[in-house]
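This report covers a predicted model.

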Amino acid sequence: MGYLGEFEQLILFSVLELGDGAYGVAIRETIEDRTGRTVSSGAIYTALGRLEDRGMVRSRTGEPDGTAGRPRKYYLLRREGARALKESYRTIQSMADGLLPKLTELAEG
Amino acid sequence: MIPLRSSPPDPPGGGDGGDGRDPPGGWRAVAHILLPGRDGAFIRTELDEGFRRDLERSIPVGRARRRYRSNLLKSAWSLHWGHLRSFVSSGLLTDARLGMRLLARQPLLTAVAMLALGLGIPASLSIFHMVDVMYSPLPVPEGERVMGIREWDAAPHDPVPTSVHDYERWREELQSFEAVGAVRSYSMNVHAGDPSVPPVMGAEITASGLDLLRVRPLLGRLLGPEDQIPGAPDVVLLREDLWRARFGGDPEIVGRSIRIGGDSYTVVGVLPADFRFALDDQVWMPLRARAVDYPVGGGPRLKVFGRLAPGVDRETAGTEMLNLTARRRADDPDRLRTITGEVVTVPGLLMEQGEFFEGNPDWALMKLVVFSLLFLVCGNVGVLVLARTSSRAKEITIRTALGASRGRIVVQVFVETLVLGLAATGLGLLAAEFVARELAALIGPFGLQYWMDLGLTPGIILSALGLAVCASAVAGVLPAIRATGGQVRANLQRVAAGGSSVRFGLGSSLLIVTEVVLAIGFLAVGGILVQSGFRNTSGDWGFDRDDYAVGTVRLPLAEAGLARSDSAPARSTVAQLREGVLEELREEPGVVGVGLGSSLPGGTGGGWPVIVEGEPEEEPVRTARQWVHVGFFEGLGRPILAGRDFDGSDVEVESGRYPDRVIVSTSFVDQVLGGRQPIGRRFRYRTPTDTTGADATWYQIVGVVGPFGVNVVNPRRDAAVYHPLSAADVRPARYLVEVSGDSRAFAPRFRELVAGVDPEATVTDAVPLGTIIESELTFFRLVAALTVALAGIAFLLSVSGLYALMSFTVSQRTREIGIRAALGASALDIMSTIAGRAAAQLAIGLALGAVWAWVLLADVLGVDTLAVPVDIPLTIAGTLVCAALVGVVACLSPTLRGLRIEPTEALRES
């Protein structure tokens, strides 16, 4: 199934949330809004390219964006990707299960 | 903190390119380069859309642009990193890796080389960047197409004051501009009933001016042509931050009446906080001056600007303006001989500076500075690479003997140097960005105008990288060619004997000497600027600016129905008010002296050329023309050094005419009269609007006073002429008050005193003199700060080069030193072996450096024209001592290291 890096997980969650409207700028905004992290368009684009190579997402070229007239690339989560994402999420949850209080104590002194 | 460039918000309904809704053009070009191909095209689309969406989410334009830039650079890295990874196995990258390992093994040399490139290249570029920054286009839509229009007098290198007549003529006749406007900025008291608040900058501006700047009001409307008609209701626009701060952000502000000075104005609109035209103004009112109301050349002084017509460029407009003035000159060739019309950037217009261009000696000097710095950089790096290459002599020679081509080795060395160069330059650029921000904070709000953005631009980054590549090529390739040259066999023999295939000959000596010479030149200039540019004390000006407060009183002529009148009732009203205020001030405890005059100490010189009777009419000296009340000098305790002070006979209150008597400053006597006896001499002014010399007024000198800060930056240009001013004169005048306490605290008291004399009269500004002087000085401080920084860098480069070379020499001659020590040579002998050559290079460098510094300071910079007398010999001596000390230390350390070498170790090492 393949291991997912942290950044790849963020992207796939974004794609999941955005559904049919998952394209570069929207994915970027979703990640920034939800996590507060700034990510570059290039990083997203290349990560999506790798994920597509691994069969986790599928892309299609959609309608041009409003003003500049250039086509957008939309992404959809495939079953393989959904499985990998679910597994990653479950793994983290299992690892972290019951450890949050201790973590909070260490982190905040 | 420092306002960054930003555009006003756009109208709803979107906009097309060029009105701020697209990312900056330069960066889009960079995006095309950094993000090529199909993948790059998709990413670029995303970048553009991200920018537009940021704007839609009300992220300020400046921040949106920064996000675009950051996103672009990171995206390029992401895109290309994949390509780079596949490059790892290629030979070039192996060379680079080898290069990096070598860098790590010789940390000192590496550090010095990185210092040279990382500091030197951005520092050199910063000079050009500073010029770009100072003359950046206005932060308005298509701001680069808004230009200033003015006339320039080439003789004293100053702009010609622009009159209402000039404005109307240019508005009518210039075809290159689709719209022309005029503005004048000054300090105003804006309040909602509490007159003790500090004044703000405000402007009188034409409706056409606001229109062409394409500003959109947040509330209400802009000014219209109907507002400019004399007698129309008094209206005003406020800036958003002023509206919030002084009027509580009142949502009903439009239509509300506020007070400015003594008058009521109706607010008709609120403009965005980031609109600061012209001089960080917060208030705008209609400009009502018309040419018909004034004699030719009279009236208020304006700044005229315009938006270029579509398809017209600055050069075309400049040519038209040149021709326009030339036609006028044809009517009066003598008077207008040195006047030319020009089209300049708006910052150049507002700062009243000449702009940098080919032919301007300042520009030539800047280029000299830049190229010297770059030479130092390349020289340093070259020396270091040579040294490093030399230490690999054995390896190179053997490789050559084994058949490696010269080209291959040279490429290897080049790539290694390139790695160094790019890394260093990248770090240097980051440091430059940091320094720029700190410098901006240092200069402060007075020096840094709202249009100046000191951050990095695409041009700077690309130039820096280009220079790094060139420097690496020069510094890397030449030594490599040398190292691989010569007879292979001879090299092998030398290498076997423990020496090097590289000899440090005349070339490297010349390099070191040149570096020392240049560094001394830089240091001397820096020393001068530190002395004069950063002077805060005003002892050299002949007075202490902290002792003075300044107040301007708005005459209540409008209320008395006497607006713009020169009639007897008007004069009587004014005289009464002025005498009343003077009296109050004189009796006020804490006031040491008071004077009334048209101008103040703390200016930057004058614009009135004079022609002395009986003297030839070439190159007239520019003087500052001032009007002072009869009791001015006595009131402020300024002694009359020759002749007499003004008295009642010098003004005729009834007729309003003045006998033509003047008092001049000592600078006037020196510069205009060559130090000759002044009393009784006569002169006239030469103005562009003079008809013929026959009708000009001749003025007679009756007295001489000492300097009183007419030009705080350049006392050489502070020749002043003081005309007597009657208290009844309706011309604007300001009170200069010498106080024994804190001049800042005096302002509210001043307002009270004036209100006590006449409640209708109000104080339109009351500030410490220091505040006004500060703003004049900061432009020059910016230049000084930058040059001192460059001087420091240049010196550091030079010294580090010397140190590194010395260090290397010691390590190369370890064996030789060891043998000599084993044979019984004394410490002194060994020291002279090691350091003798370097000491000679240093000594020659110092000697030549002293000469170079003298030439530079006395001739090229014209140091005797700077603000305060600086002692050139002392400065140069100080510089030499500094340089010698540092140079000696640079030589000493490696030398001492050499002395500590054990003979047996030395012999073993080879």
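## Terms and conventions

A residue is called buried under 20% relative accessible area, exposed over 50% and partly exposed in between, with a 1.4 Å probe and protein chains only. Residues are numbered from 1 along each chain as its sequence is written, while chains are lettered from A and ligands numbered from 1 in the order in which they are written. The model is predicted, with local features needing pLDDT of at least 70, side-chain atom pairs counting only at pLDDT 80 or more, and totals for chains, interfaces and linings using all residues; side-chain values use heavy atoms, leaving out hydrogens and water.

## Chain B overall

Chain B has 910 residues, of which 53% count as buried. It holds 25 helices and 23 strands, taken as DSSP runs numbered from the N terminus (helices H or I, at least four residues; strands E, at least two). Its accessible surface is about 38500 Å², and carbon and sulfur atoms supply 59% of that; the areas come from the Shrake-Rupley method with a 1.4 Å probe, and for residues only the protein chains shown count as cover.

Among contacts in chain B with a separation of 6 or more, 80% are between residues 24 or more positions apart; contact means heavy atoms within 4.5 Å.

## Salt bridges

Over all chains, 33 salt bridges are found, each a side-chain nitrogen of Lys or Arg within 4 Å of a carboxyl oxygen of Asp or Glu. R214(B) and E142(B) form one of them, at 3.0 Å from N to O. These two residues are 72 residues apart, R214(B) in the loop between α7 and β6 and E142(B) in the loop between α5 and β1. R214(B) is partly exposed at 28%, and E142(B) is partly exposed at 29%.

The bridge between E151(B) and R328(B) is 3.0 Å, N to O. It links strand β1 to helix α9 (residues 314–331) across 177 residues, and both E151(B) and R328(B) are buried. D227(B) and R221(B) meet at 2.9 Å; D227(B) is buried at 5% relative accessibility, whereas R221(B) is partly exposed at 32%. A network of salt bridges with shared partners joins R28(A), E32(A), D33(A), D54(B), R57(B) and R67(B).

## Aromatic rings

The count of aromatic pairs over all chains is 14. Rings of Phe, Tyr and Trp (its six-membered ring) pair if their centres lie within 6.5 Å; planes under 30 degrees apart are stacked, over 60 edge-to-face, and the rest tilted. F633(B) and Y722(B) are edge-to-face, 5.0 Å centre to centre with 85 degrees between the planes. Helix α18 carries F633(B) and strand β21 carries Y722(B), 89 residues apart. F633(B) is buried at 1% and Y722(B) is buried at 2%.

F746(B) and F750(B) form a tilted pair, with centres 6.2 Å apart and planes at 40 degrees. Both lie in helix α20, four residues apart, about one turn of the helix. F746(B) is buried at 9%, and F750(B) is buried at 1%.

## Around A549(B)

A549(B) lies in strand β13 (residues 548–554) and is buried at 4% relative accessibility. Beyond its neighbours within four places in sequence, its contacts include Y735(B), F746(B) and V767(B).
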